[in-house]
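Morning, everyone. Please have the sequence and the model open while I talk.

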Protein chains: 2
Amino acid sequence: MQIVEIWFEFASSYSYPAAARIEFAARDAGVGIRWRPFLLGPIFVEQGWGDSPFNIYPAKGRYMWRDLERLCAGYEIPWKRPSVFPRNGLLAARVALAAEHESWLPGFITGIFRANFAKDLEISDPAVVGRVLEGAGQESAEWLERAGSTQIKNALHQQTQQAVGLGIFGAPSFVVGGPTTEPGAPAPKRGGELFWGNDRLDQALSWANRQD
Amino acid sequence: MQIVEIWFEFASSYSYPAAARIEFAARDAGVGIRWRPFLLGPIFVEQGWGDSPFNIYPAKGRYMWRDLERLCAGYEIPWKRPSVFPRNGLLAARVALAAEHESWLPGFITGIFRANFAKDLEISDPAVVGRVLEGAGQESAEWLERAGSTQIKNALHQQTQQAVGLGIFGAPSFVVGGPTTEPGAPAPKRGGELFWGNDRLDQALSWANRQD
């Protein structure tokens with residue numbers, strides 16, 4: 001089965017509909033998913049931005065909120081404009097990375113996105129992250145502790161550096177046939193193909209199914 | 001018939017596939033088009049950019065060229081990465097505005113875009129613009145002279161200011177039901193709805209056909 005990697009950031013508004021849609025879309029396409037949390041902050045800082053470009057450029061920001069409202073209505077996914085943007089997704093990203101091989105990971109990820117973009121909850125708050133973990137049937141204290149380990153902190157930093165190396169500059173991004181970090185995985189048939197934005201989800205899935 | 005305005009800039013890479021597709025897509029949707037040339041330069045300068053963001057942010061630029069190549073292959077429209085980017089579209093925009101009520105306008109516009117993004121020609125060169133005019137069956141000297149008039153220069157400046165007023169920050173943009181400048185035109189049923197990017201063409205056309 002071909003794999004599409006979804007590189008996402010919990011603070012990223014357009015990552016929300018992509019995360020909400022990808023499980024169903026990938027199943028329909030017969031493609032597997034690998035969830036790759038990373039941090040946009042360090043990437044934005046390298047571009048000279050100390051804030052989200054949607055805050056730095058007001059016309060772009062106003063448009064984004066309206067566009068997202070229209071998109072979510074069309075996808076029939078719940079939507080409520082968050083009262084704080086961007087929220088700090090660091091803790092949730094560490095949990096997602098610590099749990100990358102767990103079967104409940106997709107439920108946790110979509111739960112955090114819904115907390116931020118449909119329930120207007122503060123996802124940097126360990127209590128909020130804990131409730132999403134418990135909603136996924138997990139012991140929250142255990143996973144919050146793992147998320148705080150030096151190993152996971154370093155791994156998330158490395159994953160963000162890997163994103164930069166793949167040419168990623170925004171979220172969500174999709175990578176097809178890229179270098180994998182899974183030990184023993186077969187080499188990709190071609191170099192990694194990068195797709196940027198929720199709008200490119202279907203194209204990324206189609207690319208994964210190309211026969212050439 | 002509902003109208004979708006396409007706000008475009010001849011220097012804008014994603015305006016090319018949108019301009020190439022819109023006549024057919026709008027006909028299929030039963031929607032009319034109004035072509036609105038404007039200049040991105042003054043808008044970018046207000047955002048603090050002295051160049052295209054695709055040049056200022058190299059990762060974004062590299063991605064754009066690859067994305068556009070893939071998109072044009074999918075649309076089956078000719079594509080050749082221009083050796084100069086962005087090219088100055090001022091003269092061609094003035095001609096397009098001078099000719100806004102002419103039946104050959106769409107052929108001129110798509111001809112200029114093909115010159116820039118499929119033939120790698122210098123569209124700021126009056127000889128290149130003249131050849132596209134002649135390809136559209138026009139007397140090039142006559143239209144180049146009209147394009148240079150104070151009236152047209154001012155009108156293009158005003159059109160760019162109108163773009164800013166509509167919340168436009170990039171190209172192509174589509175406006176549905178916006179304030180029209182046509183004398184005697186009926187008032188729009190609702191406030192203008194803005195869609196940004198070639199990716200939003202179909203959504204803009206659907207929006208024009210909404211019955212509410």
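One definition before we start. I call a residue buried if 20 or more other C-beta atoms lie within 10 Å of its own. And a caution: this is a predicted model.

Let's begin in chain B, with helix α7, residues 126-135. Which residues of that helix are buried? Val128(B), Val129(B), Val132(B) and Leu133(B). Now look down the axis. Those residues cover an arc of only 140°, which puts them on the same side of α7(B). An α-helix has 3.6 residues a turn, so residues three or four places apart point the same way.

What covers that side? In chain B, the cover for the buried residues of α7(B) includes α5 (90-98), α6 (105-117) and α8 (140-147). After α7(B) comes Gly137(B). Its phi is positive, near 80°.

Over to chain A. In α7, residues 126-135, the buried residues are Val128(A), Val129(A), Val132(A) and Leu133(A). They fall within an arc of 140° seen down the axis of α7(A), so they line one face of the helix. Their cover includes α5 (90-98), α6 (105-117) and α8 (140-147) of chain A. Just after the helix, Gly137(A) has a positive phi of about 80°.

How many helices and strands does chain A have? Ten helices and four strands. In sequence order the pattern is β-α-β-α-α-α-α-α-α-α-α-β-β-α. The radius of gyration of chain A is 17 Å, close to the 17 Å from the globule rule for 212 residues, so chain A is as compact as a globular protein of that length. Along the principal axes, the C-alpha atoms fill a box of roughly 45 × 40 × 35 Å. Of the 212 residues in chain A, 38% count as buried. Contacts next. Take those in chain A with a separation of 6 or more: 72% of them join residues 24 or more positions apart.

Last topic, the pair. How is chain B laid on chain A? By a turn of 180° and a shift of 0.0 Å along the axis, with an RMSD of 0.0 Å. That is the relation of a two-fold axis. Which residue of chain B comes closest to the rotation axis? Asp199(B), with its C-alpha at 3.6 Å. As for the interface, 100% of the interface residues of chain B are also interface residues in chain A, so the copies meet through the same surface.

That's my tour. Over to you.

How values were computed
Residues are numbered from 1 along each chain as its sequence is written. Chains are lettered from A and ligands numbered from 1 in the order in which they are written. This is a predicted model: local features need pLDDT of at least 70, side-chain atom pairs count only at pLDDT 80 or more; totals for chains, interfaces and linings use all residues. A residue is buried if 20 or more other C-beta atoms lie within 10 Å of its own, exposed if 12 or fewer, and partly exposed in between; C-beta atoms are placed from the backbone. Helices (H or I, at least four residues) and strands (E, at least two) are DSSP runs, numbered from the N terminus. The arc is that of the directions from the helix axis to the C-beta atoms. Two residues are in contact if their C-beta atoms, placed from the backbone, lie within 7 Å. Copies are superposed by least squares on the C-alpha atoms of residues with pLDDT of at least 70 in both. The radius of gyration is taken over C-alpha atoms; the globule rule is 2.2 Å times the number of residues to the power 0.38.
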